Amino acid sequence: MNHLVLSDASRIVAGILLLSIVTIEFGGWFMTKIVRGQVPMTDFQKAFARAGHAHAGVLVTLGLIAQVLADATTFDGGVGWLVRLLIPAAAILMSGGFFAASAGRNVTQPTKAVVILWLGAACLAAGTLTLGIGLLTA
């Protein structure tokens, strides 16, 4: 029987990502309160809450896949860690950016904290491009 063997770096990051899913579950529970009208929010805030929650789940899943793919590249050392951490960083920054940019009473458009969302988008672009190039050149 063949077993998948992860590098220590991928194993550590994957373990942390799996543990983080509990926070996404908590966010799902909170979303049910929002949808039931138990948390007063504007339509804009509800939309950003949904987007923040969805991005967290999708990007953590992509981050888990990236750990396995990173082991198929020739990246090691600092670059190896960077390629393993950029997509998980995007999960934190993008979802956090949605929530931060809509925080406050009666907010109807993004606040200046939306910059956090764009920083996360930059991490996602850098991580996926670097990993893709690493896979193509391995």
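Visitor: How many helices and how many strands does the chain have?

Guide: The chain has 4 helices and 0 strands, and from the N terminus on its elements run α-α-α-α. Helices (H or I, at least four residues) and strands (E, at least two) are DSSP runs, numbered from the N terminus. Some ground rules: this is a predicted model, where local features need pLDDT of at least 70 and side-chain atom pairs count only at pLDDT 80 or more, while totals for chains, interfaces and linings use all residues. Residues are numbered from 1 along each chain as its sequence is written, and side-chain values use heavy atoms, with hydrogens and water left out.

Visitor: What does the C-alpha trace of the chain span along its principal axes?

Guide: About 50 × 35 × 20 Å. As for burial, 34% of the 138 residues are buried. Buried means under 20% relative accessible area, exposed means over 50%, and partly exposed is in between (1.4 Å probe, protein chains only).

Visitor: Why are H1 and H3 called roughly parallel?

Guide: Two packed helices are described by the angle between their axes and the distance between the axes. Axes here are lines fitted to C-alpha atoms, for helices over the stretch in contact, and angles run from 0 to 180 degrees between N-to-C directions. Angles under 35 degrees count as roughly parallel, over 145 as roughly antiparallel, 65 to 115 as roughly perpendicular, and the rest as oblique. H1 and H3 pack at about 15°, with axes 10 Å apart, so they are roughly parallel to each other.

Visitor: What about H2 and H4, at which angle do they pack?

Guide: Helix H2 (residues 43-70) and helix H4 (residues 114-137) pack at about 25°, with their axes 11 Å apart. H2 and H4 are therefore roughly parallel to each other.

Visitor: And what makes H3 roughly antiparallel to H4?

Guide: H3 and H4 pack at an angle of about 160°, with their axes 7 Å apart. That angle is why H3 counts as roughly antiparallel to H4.

Visitor: How many salt bridges does a search of the whole structure find?

Guide: It finds 2. A salt bridge is a side-chain nitrogen of Lys or Arg within 4 Å of a carboxyl oxygen of Asp or Glu. Asp8 and Arg11 qualify, with their closest N and O atoms 3.4 Å apart. Being 3 residues apart in helix H1, Asp8 and Arg11 are separated by about one helical turn. Asp8 has a relative accessible area of 52%, so it is exposed, whereas Arg11, at 48%, is partly exposed.

Visitor: Which side chains meet in a salt bridge at 2.6 Å, N to O?

Guide: Those of Arg84 and Asp71. This pair links distant parts of the chain, with Arg84 in helix H3 and Asp71 in the loop between H2 and H3, 13 residues apart.

Visitor: Why is Arg84 called buried?

Guide: Because its relative accessibility is 5%, Arg84 counts as buried. Asp71 has a relative accessible area of 25%, so it is partly exposed.

Visitor: Which residues make the nonpolar surface patch?

Guide: Ile12, Ile16, Trp81 and Leu85 make a patch of about 370 Å². Helix H1 (8-35) and helix H3 (77-101) are the elements that give two or more residues to it. Patches are made of residues with over 30% relative accessible area and no salt bridge: like charges are joined within 9 Å, nonpolar side chains (Val, Leu, Ile, Met, Phe, Trp, Tyr) within 5 Å. Accessible areas come from the Shrake-Rupley method with a 1.4 Å probe; for residues, only the protein chains shown count as cover. Ile12 lies in helix H1 and, at 38% relative accessibility, counts as partly exposed.

Visitor: What is the phi of Asn106?

Guide: Positive, about 55°, although Asn106 is not a glycine. Most residues other than glycine have a negative phi. Asn106 lies in the loop between H3 and H4, and its 63% relative accessibility is why it counts as exposed.
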